[in-house]
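Here is a briefing on one protein chain. Please look over the sequence and the model before reading on.

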Amino acid sequence: MPAPDYPVSVIDEPLRIGGKFFREGERTCVVKAVTFGPFPAGAFPDEGRGQLARIRGELGANALRLFEIPSLKFLHECAGVGLRVFITIPWTQHVDFLKRRKVLAEADHLLLETIARFRGHPAVAGYYIGNEIESTLVRWMGASRVVEQLERLIDLGHANDPEALFAYANYPGTEYLLPQNQDFVAFNLYLETREAYAAYLDRLQNLAGNKPLVLSEFGIDSGTHGEWGQAEMLRWAVEEAAAAGVAGMTLFSWSDLWQRGGKTVEGWTFGLTATDHSAKPALAAVRGVWEGLRQPSDGVTLTETPKVSVIVCTHRGSATLVKCLDSILALDYPDFEVILVNDGADDRVAEIATSYETVRHFATPHEGLGAARNTGAREAKGTIFAYLDDDCIVEPDWLRWIVAQFADDPTLGCAGGPNVPPVPETATRAIVAAAPGGPTHVLLTDTRAEHLPGCNLAVRREVFEKVGGFHTVFRSAGDDVDFCWRVLAAGHGLGFHAAAFVWHHRRFTYPAYFRQQMGYGRAEALLMPMHPDRFQGVGGAVWEGQVYVLRRRFGAFVYHGHYGYEPFQLMYPGGDSWFGEVALHVLWWIVALLFAVGGMFLTPLLIPSAVMVFGTLWVALGRAGRSPIAPEFDTTSSRLMLAGLILVQGVLRSGTRLLSGWRFANWGKSLQFVGGTAAETLAKSWWKLGDEQEYWSDHGVGREALLGAILRAFPGAEDDPTGKSDVIFRRGRFWNWAVVTATEYHENEGRLTRLRVLARPRPVMRMIVLPLLVLIPVAVVLGFGFQSELLTLGLIYGIVSVASRALMWVKRPHFQRIAREVGLKVM
């Protein structure tokens with residue numbers, strides 16, 4: 001921004017990301033925002049600048065969300081009163097922008113133009129590169145392709161303004177649209193019951209992962225609930241958001257004056273102020289909560305503050321110990337002690353401990369992690385034991401979030417939160433942080449865990465004594481898994497809160513990472529005879545809950561609901577693909593090697609060996625491609641190195657587990673699991689994309705009328721209960737046929753409805769054809785003949801494809817006739 005245009009600003013520090021929260025300099029802060037505009041023409045002659053001081057002073061907000069590009073003068077005024085601004089880029093998102101590539105080009109141009117105009121402005125906090133792409137349109141275009149474009153826009157923003165923050169304003173209808181490169185996770189949310197609202201906030205926190213969660217819109221209509229009802233509901237909404245550790249909240253909206261599509265919206269009373277600019281009761285209600293909310297933990301109310309013993313166990317961990325202890329001693333909690341257990345009596349650790357007067361240091365012979373944790377508990381004076389690793393750094397309010405969980409639920413035995421890797425300083429650390437197998441939580445629900453890692457694990461004293469502490473057989477890992485399972489078996493819950501996070505370094509080198517994974521494998525072997533029901537044969541642990549991973553899952557399932565209109569389209573990620581787990585196991589490699597050796601004597605045996613190696617490489621490269629790597633280190637070579645780590649990690653961990661625990665493995669159970677899961681996967685249905693058609697209406701006729709007509713026109717047609725398509729209009733012996741639709745909303749009553757005919761092979765046909773599609777081409781490539789078989793297979797596939805498309809072509813006039821009957825024009 002040119003020097004003469006630089007404003008007078010009371011904003012001293014740019015807004016930054018710090019784990020699950022925002023930061024101003026070194027201080028965590030809460031974004032307290034309100035939407036501003038768009039207003040009807042003439043509502044505010046000065047662009048609303050005269051309202052800004054009122055928003056800052058009377059409401060206590062510190063940020064605005066805009067839906068239009070502001071003037072430079074407006075931003076100067078925001079900087080002068082201390083309001084940060086999040087600008088929503090208003091490009092056309094209500095159409096199939098993957099087909100209309102011009103729309104994406106216009107979005108790029110508008111984003112770059114806006115950034116060039118405002119880059120470096122102290123009032124600009126960040127940009128929303130999109131807002132609420134309609135769910136049926138996302139289903140039509142494909143969620144992965146939509147996310148790809150959103151991530152492309154965010155990359156474009158980061159490249160042109162590295163200091164600004166970028167995110168996509170999502171909503172529950174498409175909660176699965178989660179760009180991995182966005183700086184924070186934002187959701188527009190409108191729920192009017194306190195219980196449902198609070199529960200969904202917990203879900204959103206876990207969808208946000210290690211990033212801050214922002215409510216980019218939340219509003220209550222005073223016309224429906226009355227002005228005092230609006231005030232009460234906004235009060236508890238702000239309180240619940242603070243209690244959930246939400247990093248920022250945006251209220252919709254400042255004023256009842258509002259326009260959409262260039263037209264004034266009548267009867268829209270979500271504002272904190274009325275059309276005559278007078279304050280509603282909601283303004284004072286929100287201010288009353290926001291006044292006491294300066295940092296995230298201000299949303300936590302503790303009626304009691306029991307003594308907490310923070311226990312750090314270390315074995316030659318002096319390299320990271322100073323920062324760990326410094327952060328603990330800076331905790332904002334009135335009653336805690338720090339216990340350092342020096343497992344192995346390391347001299348450097350002892351030297352560090354003596355430099356802290358308040359740290360209680362206990363040197364012991366090297367007996368392992370389980371024994372060290374028990375030593376800390378024996379010496380502890382607190383009623384709660386809070387365990388940390390020596391490479392952790394805590395936030396000042398960490399203990400407040402931990403203690404609040406115990407206070408809210410007396411049945412909890414343990415409590416914890418995420419462990420977040422710090423920003424990596426080298427490419428090696430960035431790749432290791434993205435690699436699998438790190439310490440992570442396993443969630444049964446959004447607030448209850450099946451496992452909490454020992455690097456962020458608190459336990460009540462009486463529960464610790466009840467289960468007998470940690471088993472000392474675990475010397476480096478596995479002790480926390482065994483402990484959590486025994487706490488659950490004793491009838492106590494494991495609490496989880498996303499705000500109770502700690503910073504936790506991952507291993508600094510590749511050899512250290514490999515040693516860690518081998519240690520985890522040995523620990524799993526120790527767990528197998530203790531908890532045989534928790535293991536699936538020779539594989540890893542079987543969890544009832546969801547293992548937390550940062551990468552996108554391969555087989556996430558989304559329930560779209562009837563015609564794609566489900567208001568909360570929940571994403572059910574499940575576990576990683578069964579094939580991925582099998583293909584990375586050491587036994588898979590052994591079998592592939594045996595086939596390869598056999599191929600020296602019987603050449604066709606090279607075929608399955610090649611297929612197995614190809615499958616493993618496919619899994620590793622796929623997981624590497626879906627894993628988030630710090631942007632400054634995200635290169636092709638880093639992705640390839642990560643794929644290599646994934647391959648080696650799978651072999652080392654499973655190999656160590658098998659070598660140490662083969663006597664306890666249930667081999668029959670393993671074969672049953674692999675065989676059953678493979679058959680189930682082959683039997684699952686998928687849709688093949690087919691013929692597409694477009695219909696137009698000037699009178700507001702859309703997809704609902706068209707789908708109703710299709711149901712009436714085809715005997716036996718039925719709604720698709722899965723929501724993957726809209727109507728299944730024919731079920732055949734070998735194929736099923738369905739349609740999926742989407743409607744674009746244009747000016748006035750203009751509607752463009754898109755229809756796609758889909759074909760789906762029946763399960764038996766897939767189970768026959770799929771193995772042939774894999775084996776025969778590989779055999780030909782390896783030179784084993786089968787050319788005639790491949791030609792025949794190709795011919796059969798071609799005939800089937802031509803036949804399916806012929807049916808679609810034959811049915812096209814039928815669909816066009818149906819469309820005309822309901823008043824649609826064929827495009």
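Helix H16 is followed by Gly 491, whose phi is positive, near 95°. This is a predicted model: local features need pLDDT of at least 70, side-chain atom pairs count only at pLDDT 80 or more, and totals for chains, interfaces and linings use all residues. Residues are numbered from 1 along each chain as its sequence is written, and side-chain values use heavy atoms, with hydrogens and water left out.

**Overall make-up**

- The chain holds 25 helices and 34 strands. Helices (H or I, at least four residues) and strands (E, at least two) are DSSP runs, numbered from the N terminus.
- Of the chain's 827 residues, 56% count as buried. Buried means under 20% relative accessible area, exposed over 50%, and partly exposed in between (1.4 Å probe, protein chains only).
- Among contacts between residues at least 6 apart in sequence, 74% join residues at least 24 apart. A contact means heavy atoms within 4.5 Å.

**Covered helices**

- Helix H16 spans residues 479-489 and is mostly covered, with 9 of its 11 residues buried.
- The buried residues of H16 include Asp 479, Asp 480, Asp 482 and Arg 486. Phe 483, Cys 484 and Trp 485 are also among them.
- Helix H9 (residues 281-290) is mostly covered too: 7 of its 10 residues are buried. Among them are Pro 281, Leu 283, Val 286 and Trp 290.
- Cover for the buried residues of H9 includes strand E4 (31-36), helix H1 (52-59), helix H8 (227-243) and strand E11 (248-251).

**Second largest pocket**

- The second largest pocket has a volume of about 1600 Å³. Of its 36 lining residues, His 94, Asn 131, Trp 258, Arg 260 and Gly 261 are the closest to its centre.
- A pocket is an open set of points on a 1 Å grid over the protein atoms alone, where a 1.4 Å probe fits, with protein on both sides within 12 Å along at least five of seven lines. Lining residues have an atom within 4 Å of a point. Grid points are joined across faces, edges and corners, and the volume is the space filled by probe spheres set on the points.
- Helix H4 (135-141), strand E12 (259-260) and strand E32 (735-745) each supply at least two lining residues.
- The lining divides into 15 nonpolar, 12 polar and 9 charged residues. Ala, Val, Leu, Ile, Met, Phe, Trp, Tyr, Cys and Pro count as nonpolar, Asp, Glu, Lys and Arg as charged, and the others, Gly among them, as polar.

**Salt bridges**

- The whole structure has 37 salt bridges. Each is a side-chain nitrogen of Lys or Arg within 4 Å of a carboxyl oxygen of Asp or Glu.
- Arg 16 pairs with Glu 163, with the closest N and O atoms 2.4 Å apart. Arg 16 lies in strand E1 (residues 15-18) and Glu 163 in the loop between helix H5 (143-160) and strand E8 (165-170), so this pair ties together parts 147 residues apart in sequence. Arg 16 counts as partly exposed because its relative accessibility is 30%.
- Arg 139 and Asp 726 form a salt bridge at 2.5 Å, N to O. Arg 139 sits in helix H4 and Asp 726 in the loop between strand E30 (718-719) and strand E31 (727-731), so the pair links parts 587 residues apart in sequence. Both Arg 139 and Asp 726 are buried.
- Arg 429 and Glu 425 form a salt bridge at 3.7 Å, N to O. Arg 429 is partly exposed at 23% relative accessibility, whereas Glu 425 is exposed at 60%.

**An open sheet**

- This sheet has 3 strands in the order E22-E21-E26, with antiparallel pairing. Two strands pair if DSSP finds at least two bridges between them.
- Strand E22 (449-451) and strand E26 (546-547) stand at the edges with a single partner strand each, so one side of each has no neighbour in the sheet.
- Strand E21 (residues 442-443) is joined to E26 by 2 bridges. Leu 443 has Gln 546 as its bridge partner in E26.

**Backbone details**

- The peptide bond from Gly 37 to Pro 38 is cis, with omega near 0°. Pro 38 lies in the loop between E4 and H1.
- Glu 47 is found in the loop between E4 and H1. Its phi is positive, about 70°, although Glu 47 is not a glycine.
- Phe 252 and Ser 253 are joined by a cis peptide bond, with omega about 5°.
- Asn 748 has a positive phi near 55°, and is exposed with a relative accessible area of 61%.
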